[in-house]
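User: I would like to go through this structure term by term. For each label, please set the value against its definition.

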Amino acid sequence: MGEILILAEHRDSEIRDITFEMLTLANRLGEENNLTVTALFPGYGVSALAGSLKGACDRVLVMEAPELENYNADTYLAVLEGLIRERKPALTVIGHTAQGMDLAPALAIRSGVPLVTDCVDVILKGETMDVQRQIYSGKIQADLVMKPSETYLITLRPGCFPGGSEQGKSADMESLSPPEWTGLRRQFVEYLEAELEDVDITAADILVSVGRGIGKMENIPVVEAFANAIGATLSCSRPVADKEWLPKSRQVGTSGKTVKPKVYIALGISGAFQHQAGMKNADTVIAVNTDPKAPIFNVAHYGIVGEILQVVPELTERFKKE
Ligand code: FAD
């Protein structure tokens, strides 16, 4: 029986959510195509951690070596290239994360496997594969039809599938020997911790998040007053942090923080996928935007089509009265 191979991602003894999301997709494709699902877990001293994948796939391949203790494109390439040549998985799935973006293109070239990056869904039927990607910040969905191939490679956008370590499976654990390392040019030096921050937005129950729609820095006090009136913490989208209207530590999204507040109020934020990835797990999302077609309304539970500078001061006054 053929297989789907996913590359487990982990750091600091924690398995990244994307690993379980990839397994959700792989398990669905596996069922539809009668393929087993294998997770590759490279690392050093990680066999117990790798065991956490048991309930979510058919097989966990643990490869341990000091050279695999931290992600390194050279060692990971050697491992994956060898495995793809040897096992010829119908599909290899890597996360569309900083690590996956670094690794996948080089792997595709080295192993001669067709690659589609940043997929949001996949339809696999035997040797044909269609994939979905979003372009223009999620405004257009592109369906790509791949040329038939024995094996494919994709990177999966984080946040497109639910995760979960229990997916009705009971995996066999297998230990693999690392390959002979030759020609390693890159070396892991250290992880740099982010600077100490003013406020921890990940701990907030209510976030008032401000986007480019606020127009200019002089308008920030309008949303600040609203946040104070409802006891919320202020966060923002990337352009607001880039323009230094708010500190970088307040940025929500793929290159900012992942938050999970009870209430997330998005003011003048379009809802690009990089932003959504950081707030999609909020319990309740409320959006204010002048554009009724803004993608943020796709994930909002409540929406107001309107101008921030009209809607927000009114809300502030109402809350102040209560
Ligand atoms: P825009 O997309 O410009 O949207 C502004 C919105 O405000 C529009 O929907 C508009 O209709 C609305 N608006 C305008 N005026 C008003 C008004 N008066 N009242 C109400 N609404 C109004 N983005 C992040 O947020 N976080 C990240 O971590 C992040 N990481 C990224 C990483 C990479 C590698 C890349 C390439 C991009 C990243 N981005 C990130 C950027 C992301 O793609 C978007 O560009 C960004 O999220 C857009 O921010 P925005 O919604 O504030 O601005």
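User: How many bridges join strand 7 to strand 8, and do they run parallel or antiparallel?

Analyst: This is a predicted model, in which local features need pLDDT of at least 70 and side-chain atom pairs count only at pLDDT 80 or more, while totals for chains, interfaces and linings use all residues. Residues are numbered from 1 along each chain as its sequence is written, and side-chain values use heavy atoms, with hydrogens and water left out. Strand 7 (residues 115-125) is joined to strand 8 (residues 128-135) by 6 bridges, and the two run antiparallel. Strands pair if DSSP finds at least two bridges between them, so the 6 bridges qualify strand 7 and strand 8 as a pair. Strands here are DSSP runs (E, at least two residues) and helices are runs of H or I of at least four residues, numbered from the N terminus. Leu124 stands opposite Met129 in strand 8.

User: What makes strand 7 and strand 8 a hairpin, and which residue in the turn has a positive phi?

Analyst: The hairpin formed by strand 7 and strand 8 has 2 residues between the strands. Gly126 in the turn has a positive phi of about 60°.

User: Which strand is joined to strand 7 by 3 bridges?

Analyst: Strand 10 (residues 152-156) is joined to strand 7 by 3 bridges, and they run parallel. Val116 stands opposite Ile154 in strand 10.

User: Why do strand 13 and strand 16 count as edges?

Analyst: An open sheet of 5 strands has the order 13-12-14-15-16, with parallel pairing. Strand 13 (233-236) and strand 16 (302-305) each have a single partner strand, so one side of each has no neighbour in the sheet. The twist averages 20° from one strand to the next, with axes fitted as lines to C-alpha atoms (for helices over the stretch in contact) and angles running from 0 to 180 degrees between N-to-C directions. Strand 12 (residues 206-210) and strand 13 are joined by 4 bridges, and Ser209 stands opposite Ser235 in strand 13. Helix 5 (residues 220-230) packs on this sheet, touching strand 12, strand 13 and strand 14 (263-267). The direction of helix 5 makes about 170° with that of strand 12.

User: Why is Ile206 called partly exposed?

Analyst: Buried means under 20% relative accessible area and exposed over 50%, with partly exposed in between (1.4 Å probe, protein chains only). Ile206 has 24% relative accessibility, so it counts as partly exposed. Ile206 is placed in strand 12. Its contacts (heavy atoms within 4.5 Å) include Ile230, Pro261 and Val263, not counting residues up to four places away in sequence.

User: What makes the pair of Tyr71 and Tyr76 edge-to-face?

Analyst: Rings of Phe, Tyr and Trp (its six-membered ring) pair if their centres lie within 6.5 Å; planes under 30 degrees apart are stacked, over 60 edge-to-face and the rest tilted. By this rule there are 3 aromatic pairs. The rings of Tyr71 and Tyr76 have centres 4.9 Å apart and planes at 75°, so this pair is edge-to-face. Tyr71, at 19% relative accessibility, counts as buried, and so does Tyr76, at 5%.

User: How do you know that the charged end of Arg11 sits over the ring of Tyr191?

Analyst: The rule asks for NZ of Lys or CZ of Arg within 6 Å of the ring centre and within 35 degrees of the ring normal. The charged end of Arg11 is 3.6 Å from the centre of the Tyr191 ring. Arg157 lies over the face of Phe273, at 3.2 Å from the ring centre.
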